Amino acid sequence: MELSAIGWPLLLSTFAGLSTSIGAVIAIMHTPDEAMLAFLLGTAIGVMGTVSCVELWWHKAAQHSSWPAITAAVAAGAVVFALLDPLLPKPPDHQLLPEHCDHEHVEGKPTEAAEV
């Protein structure tokens, strides 16, 4: 096996890992507000959706030269998910935003307001 067959995937994996680490450091140093969090989540969803479409649909269809069969399989998977989604259990709908949190205790100790 030649080095380029190993080197390119290794370089991409290293870049992905470093990107994740850099993003984690930024998130720890600067907590994003709601607008920035919405932007970042939207970007992540867009990237993952694009990668899924390109790798699972377009790449396989081009590789196997069977566009209709691959497209039908992807569409069938989406239909099955849409049909099963209402049957799956949903997590409880809690309000976890900071303005709805109970601020009586911080790190296990009552705050001054709770002591009064």
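Student: Is Trp-8 buried or exposed?
Tutor: Trp-8 is exposed, since its relative accessible area is 55% (over 50% counts as exposed, under 20% as buried and anything in between as partly exposed, using a 1.4 Å probe and protein chains only). This is a predicted model, in which local features need pLDDT of at least 70, side-chain atom pairs count only at pLDDT 80 or more, and totals for chains, interfaces and linings use all residues. Residues are numbered from 1 along each chain as its sequence is written, and side-chain values use heavy atoms, with hydrogens and water left out.

Student: And which helix holds Trp-8?
Tutor: Trp-8 lies in helix α1 (helices are DSSP runs of H or I with at least four residues, strands are runs of E with at least two, and both are numbered from the N terminus).

Student: What does the chain look like overall, going along the sequence?
Tutor: The order is α-α-α-β-β-α, which amounts to four helices and two strands. Of the 116 residues in the protein chain, 2% are buried.

Student: Changing topic: how many salt bridges are there?
Tutor: The search of the whole structure finds one. Asp-85 and Lys-90 form a salt bridge, with their closest N and O atoms 3.4 Å apart (the criterion is a side-chain nitrogen of Lys or Arg within 4 Å of a carboxyl oxygen of Asp or Glu).

Student: Are Lys-90 and Asp-85 exposed, partly exposed or buried?
Tutor: Lys-90 counts as exposed because its relative accessibility is 51%. Asp-85, at 30%, is partly exposed.

Student: What about Val-74; where is it?
Tutor: Val-74 belongs to helix α3, residues 67–84. With 39% relative accessibility, Val-74 is partly exposed. Val-74 and Trp-57 are 17 residues apart in sequence, and their C-alpha atoms are 6.9 Å apart in space.

Student: Which residues line the largest pocket?
Tutor: Among them are Ser-19, Ile-22, His-30, Pro-32, Met-36 and Leu-40 (a pocket is an open set of points on a 1 Å grid over the protein atoms alone, where a 1.4 Å probe fits, with protein on both sides within 12 Å along at least five of seven lines; lining residues have an atom within 4 Å of a point). The elements giving two or more residues to this lining are α1 (3–29) and α2 (34–64).

Student: Which one gives the largest share?
Tutor: Helix α1 does, with seven residues.
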